[in-house]
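Welcome! Let us walk through this structure together, one region at a time.

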Amino acid sequence: MKLKDLQSALSCVSAFEKPKVNLEQYPTSAELAANILYTIHTRYDDLHSKSVGDLGCGGGILAIGASLLGSSYTLGIDIDPSAIQLTSENSRELEVNIDLLLADVETFPTERLRGPILDTIIMNPPFGTKKKEGLDMIFLQKAAALASTSVYSLHKTSTRKFILKK
C-alpha cells in the first residue's frame with residue numbers, strides 16, 4: 001500500500017465527537033498516523049505479518065493502519081467503553097479485523113504473563129498532564145512487557161530527555 005492510499009483510508013477513521021479531557025483523548029491525525037505507520041512498515045518491517053497492539057487505542061487509527069498494512073493480528077486496548085465502541089465501528093467501516101480489550105493499561109497485569117505476547121506495540125499514550133503525571137512512562141513499561149520486538153510511542157518533545165534516560 002502506498003503512503004497516500006494509507007492516508008486516504010485513515011482519513012475515514014472517525015474521532016471522538018466529545019473527547020474526554022480527563023482521559024486525554026486527543027486524536028491522532030490521519031496524516032501523522034499514516035506517516036508513522038508507513039515508516040514502521042517500510043523501514044523497520046515491524047507491521048506486516050506481525051502481531052500488533054495499540055495501547056490506549058482511542059478511535060483505533062493506529063490499530064486500523066497496522067491492519068491495513070498487513071499485521072497478522074491486531075489488538076486495541078482502551079479503558080473507555082466509548083473508545084472500544086468507536087474503534088469497533090471504525091474497523092467495521094474499513095473492513096479490518098481488530099480484537100478489542102476494555103482494560104486499564106495502567107493496572108494491566110503484565111507480570112502474570114509468561115513473556116511478551118505481541119511483536120509490536122504502537123501507541124499515542126496519555127501524557128499524564130490531566131490525570132496522573134508520568135502516565136506515559138507507565139504505558140511504556142507495559143508496552144515493553146507486552147512486545148517481543150518493538151515499541152513505537154508518541155510523546156511530548158519536552159519529555160524526550162527524560163524518556164531517553166529510562
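## A threonine in a loop

Thr 110 sits in the loop that runs between β3 (99-102) and β4 (118-123). Helices (H or I, at least four residues) and strands (E, at least two) are DSSP runs, numbered from the N terminus. With a relative accessible area of 14%, Thr 110 is buried; buried means under 20% relative accessible area, exposed over 50%, and partly exposed in between (1.4 Å probe, protein chains only). Leaving aside neighbours within four places in sequence, Thr 110 is in contact with Lys 142, Ala 145 and Leu 146, where contact means heavy atoms within 4.5 Å.

Before going further, please keep in mind that this is a predicted model, in which local features need pLDDT of at least 70 and side-chain atom pairs count only at pLDDT 80 or more, while totals for chains, interfaces and linings use all residues. Residues are numbered from 1 along each chain as its sequence is written, and side-chain values use heavy atoms, with hydrogens and water left out.

Met 123 belongs to strand β4. Is Met 123 buried or exposed? Met 123 is buried, with a relative accessible area of 1%. Setting aside neighbours within four places in sequence, Met 123 has contacts that include Asp 54, Leu 55, Phe 139, Ala 143 and Tyr 152. Met 123 and Ile 64 are 59 residues apart along the chain, and their C-alpha atoms are separated by 12 Å.

Now look at Asp 99, which lies in strand β3. Asp 99 is partly exposed, and its relative accessible area is 40%. Not counting residues up to four places away in sequence, Asp 99 touches Tyr 73, Thr 74, Leu 75 and Gly 76.

## A serine in a helix

Ser 91 is found in helix α4 (residues 81-93). Ser 91 counts as buried, at 6% relative accessibility. Which residues does Ser 91 contact, leaving aside its neighbours within four places in sequence? They are Ile 64, Val 96 and Ile 98.

## How α1 meets α2

Helix α1 (residues 3-10) and helix α2 (residues 30-44) have axes that come within 8 Å and cross at roughly 135°. Axes are lines fitted to C-alpha atoms, for helices over the stretch in contact, and angles run from 0 to 180 degrees between N-to-C directions. The two helices are therefore oblique to each other: angles under 35 degrees count as roughly parallel, over 145 as roughly antiparallel, 65 to 115 as roughly perpendicular and the rest as oblique.

On the α1 side, Leu 3, Leu 6, Gln 7 and Leu 10 take part, meeting α2 residues that include Ala 30, Glu 31, Leu 37 and Tyr 38. The residues of this contact of α1 with α2 divide into eight nonpolar, two polar and one charged. Here Ala, Val, Leu, Ile, Met, Phe, Trp, Tyr, Cys and Pro count as nonpolar, Asp, Glu, Lys and Arg as charged, and the others, Gly among them, as polar.

## How α3 joins in

The axes of α2 and α3 come within 10 Å, crossing at roughly 45°, and these helices are therefore oblique to each other. Ala 30, Ala 33 and Leu 37 of α2 make the contact with Ile 61, Leu 62, Gly 65 and Ala 66 of α3. By class, the contact of α2 with α3 has six nonpolar residues, one polar and no charged ones.

For α1 and α3, the axes come within 10 Å and cross at roughly 135°. Leu 6, Ala 9 and Leu 10 in α1 meet Ile 61, Ile 64, Gly 65 and Leu 68 in α3. The contact of α1 with α3 is made up of six nonpolar, one polar and no charged residues.

## The nonpolar cores

In soluble globular proteins, nonpolar side chains tend to be buried together. A nonpolar core is a set of buried Ala, Val, Leu, Ile, Met, Phe, Trp, Tyr and Cys residues joined through side-chain atoms within 4.5 Å. The largest such core has 22 residues, and Leu 10, Leu 37, Leu 47, Ile 61, Ile 64 and Ile 122 touch the most other members. The elements giving two or more residues to this core are α1, α2 and α3 (61-68).

A second, separate core has 17 residues, among them Ala 103, Phe 108, Phe 139 and Ala 143. As for Ile 122, its contacts beyond four places in sequence include Leu 37, Ile 40, Val 52, Ala 66 and Tyr 152.
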